[in-house]
Amino acid sequence: VIQLGQPTRELITTCAYCGVGCAFKAELKGNTVVRMTPWKDGQANEGHSCVKGRFAWGYATHADRIRAPMVRERITDPWREVSWDEAIDFAASRFKAIQAQHGVDAVGGITSSRCTNEEVYLVQKLVRAAFGNNNVDTCARVCHSPTGYGMGQTFGTSAGTQTFKSISQADVIMVIGANPSDAHPVFASRLKRRVRQGARLIVVDPRRIELVSSPHVRAQHHLQLRPGTNVAVITAMAHVVVTEGLVNEAYVAERCDTKSFNEWRAFVARAENSPEAFEAVSGVPAAELRAAARLYASGPNSAIYYGLGVTEHAQGSTMVIGIANLAMACGMVGREGVGMNPLRGQNNVQGSCDMGSFPHELPGYRHVGDATVRGQFEAAWGVRLSPEPGLRIPNMFEAALAGSFKGMYVQGEDIVQSDPNTQHVAQALSQLDCLVVQDIFLNETAKYAHVLLPGSSFLEKDGTFTNAERRISRVRQAMAPLAGLADWQVTQRLANALGYPMNYAHPEEIMREIAALTPTFAGVSYEKIERLGSVQWPCNANTPEAGISTMHVGTFVRGKGRFFNTQYVPSDEKVTRRFPLLLTTGRVLTQYNVGAQTRRTANSQWHDEDRLDIHPHDAQERGIADGDWVGIQSRAGDTVLRARVSQDVPAGVVYTTFHFPESGANVITTDSSDWATNCPEYKVTAVQVSKVMQP
Ligand code: SF4
């Protein structure tokens, strides 16, 4: 509920929804926020905002907020409200008992991309220093982990190469597997403005997204590929570049690793990788694909923006590598107006990865096996650290089912609703002896928890978020935490109860520690952000004061850019007589992810249920009319939704969103995942759809 009134004070903070990271002026009356207006000097948004950031913050004071810690012996018991001390002691003693009985590796933690950098840093520190293992992972596992792998391998670091502003110098814009009009609206406005100014647009997406159908922009090419065939399409584009003499030879000779380039050139030039060879597989007409590849290569400035339609596949990492290959071959990395930019879904996905949330990496993407780096953290933290990579989220579930993993600390993440194959996740969590959920609402995961620790919203804490352009901005406390403690304070108390001392007085102290231990953050400070508005990592003595806006200028972070062959492998999720359609998933403008926040705001009046988009041909074949209830069945499970008959999806493909727990989109998605990172293959699920009676 938005309470209106005359504001008495104001402060500047950062939106807690998507990876654009818009700056807002929060106006307050006493301890109550009465209005949020986009901040004209915000460097990511320049005074613009969308319907989520501007209006959907009322969830912060919603009646559903958890306002007191709760515990229970068994997950079948009723919750019992307790003091913070009792809840923290309960959790700590259970974690200690588990480790005493099952070993040090029997517990782990999950960080949240909705929390601040400082809070994420503390959770991974707690796992490594207090639990004594590397069993820490992040919700980025299920969205952009292939970006981390693919860009790390090819360029040397996993981060967007440009600022959003850089698009104003792009002549050709290629959007792959992303729907910025809904998921990154303020960036979409910049993109459309540039297209209206004359930039040409290529959209690679199975759906006819708004960038294709909008009367205000016109995509030159819509490569409407079949879900699961990204790698075929990007490899075919590379084939055109290589065989039609479109490689930027001077760039490649100067900037890239010759051996890997020559191997890749020979690989993509094979006839089996031509657009014609892949036409039947991908569904993209060869002539259209050839024209798009020529347009991208001609630039002169071509920029790529991509989303989860690239990463959430069994070949997610291969596709990220394929995009990097194409960009390097055409000389489209390392200056304004070009580049390769992952559009991060959540506000702090970039930050949560930067802060050492992956089980194999300490903050700053340094491997836990590196004794020198580990030694620096050991000296600063006063503990011995494990050199062994820990468990990823899906491995934690497997270990829980096998009985070797017994305790989990989940900060700000609803893994039951957001991870694939809900039944499998629920079954694994119900095996735990101690599940601690720290969240602002009683989410689906909390049903399996023994300890519930009230989380704090972005309006209740200080800290920083890092957006998709590596921009580190301040989050400023507008009101006191509803339950008395900010998230970083809760983690600190849990660490102390576990016997590992943490004594930060303010998040600024945590950032000082991050800067001291992370070379790419060495020049980051609250004082500097206060003065400059924001900074972009890398930010240290070797960079301008505000950090680096364009990455890989002159040389790649890894030195020479490295090519890898991208062999197309069909998804295991194949259509069959039993499951003849392919389901893909996404978001709408007014809702956000699992909807925990936006469902509790007026935004629900615009989108109050998840529906299944189905092509008229497939609908007619099944006797389905617009608005009918339909059953959707996959090899993982089944659910019921209402149908929307739409030509936005091609025949053979159905589409839904996952904003409402009752629709259970992830009951249907399967365990199929990316070969390199285990990122789930949310975007391809073979299903059957049939008309059913209203449930
Ligand atoms: Fe918030 Fe993203 Fe909308 Fe900006 S574009 S207001 S960051 S949801």
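Which residue in β2 does R9 stand opposite? It is L28 that R9 faces across the pairing, and the legends below set out this view and several others. This is a predicted model, in which local features need pLDDT of at least 70 and side-chain atom pairs count only at pLDDT 80 or more, whereas totals for chains, interfaces and linings use all residues. Residues are numbered from 1 along each chain as its sequence is written.

**View 1. An open sheet of 3 strands in the order β1-β2-β3.** The pairing in this sheet is antiparallel, where two strands pair if DSSP finds at least two bridges between them, and where strands (E, at least two residues) and helices (H or I, at least four) are DSSP runs numbered from the N terminus. β1 (9-14) and β3 (32-38) stand at the edges with a single partner strand each, so one side of each is left without a neighbour in the sheet. On average, and with direction ignored, neighbouring strands of this sheet are turned by 30° against each other; the axes behind such angles are lines fitted to C-alpha atoms, for helices over the stretch in contact, and angles run from 0 to 180 degrees between N-to-C directions. Between β1 and strand β2 (residues 23-29) there are 6 bridges in the antiparallel sense.

**View 2. Helix α3 (residues 117-131), which is mostly covered.** All 15 of its 15 residues are buried, a word used if 20 or more other C-beta atoms, placed from the backbone, lie within 10 Å of a residue's own, with exposed meaning 12 or fewer and partly exposed in between. At K125 the helix α3 bends by about 25°, the bend being the angle between axes fitted to the seven residues ending there and the seven starting there. After α3 comes G132, whose phi is positive, near 85°.

**View 3. Strand β12 (residues 339-342), covered on both faces.** G339 and N341 on one side, and M340 and P342 on the other, are all buried. Strand β11 (residues 302-306) runs parallel to β12 and is joined to it by 4 bridges, with Y306 standing opposite P342.

**View 4. A closed barrel of 6 strands with mixed pairing.** The strands run in the order β21-β25-β22-β24-β23-β26, and neighbouring strands are turned by 45° against each other on average, direction ignored. Strand β21 (residues 581-586) and strand β26 (residues 685-691) pair in the antiparallel sense over 3 bridges, and L581 stands opposite V687 in β26.

**View 5. The loop between β20 and β21, which holds H552.** Although H552 is not a glycine, its phi is positive, about 60°, and H552 counts as buried because it has 21 C-beta neighbours inside 10 Å. P538 lies in the loop between β20 (535-536) and β21, and the peptide bond that joins W537 and P538 is cis, with omega about 0°.
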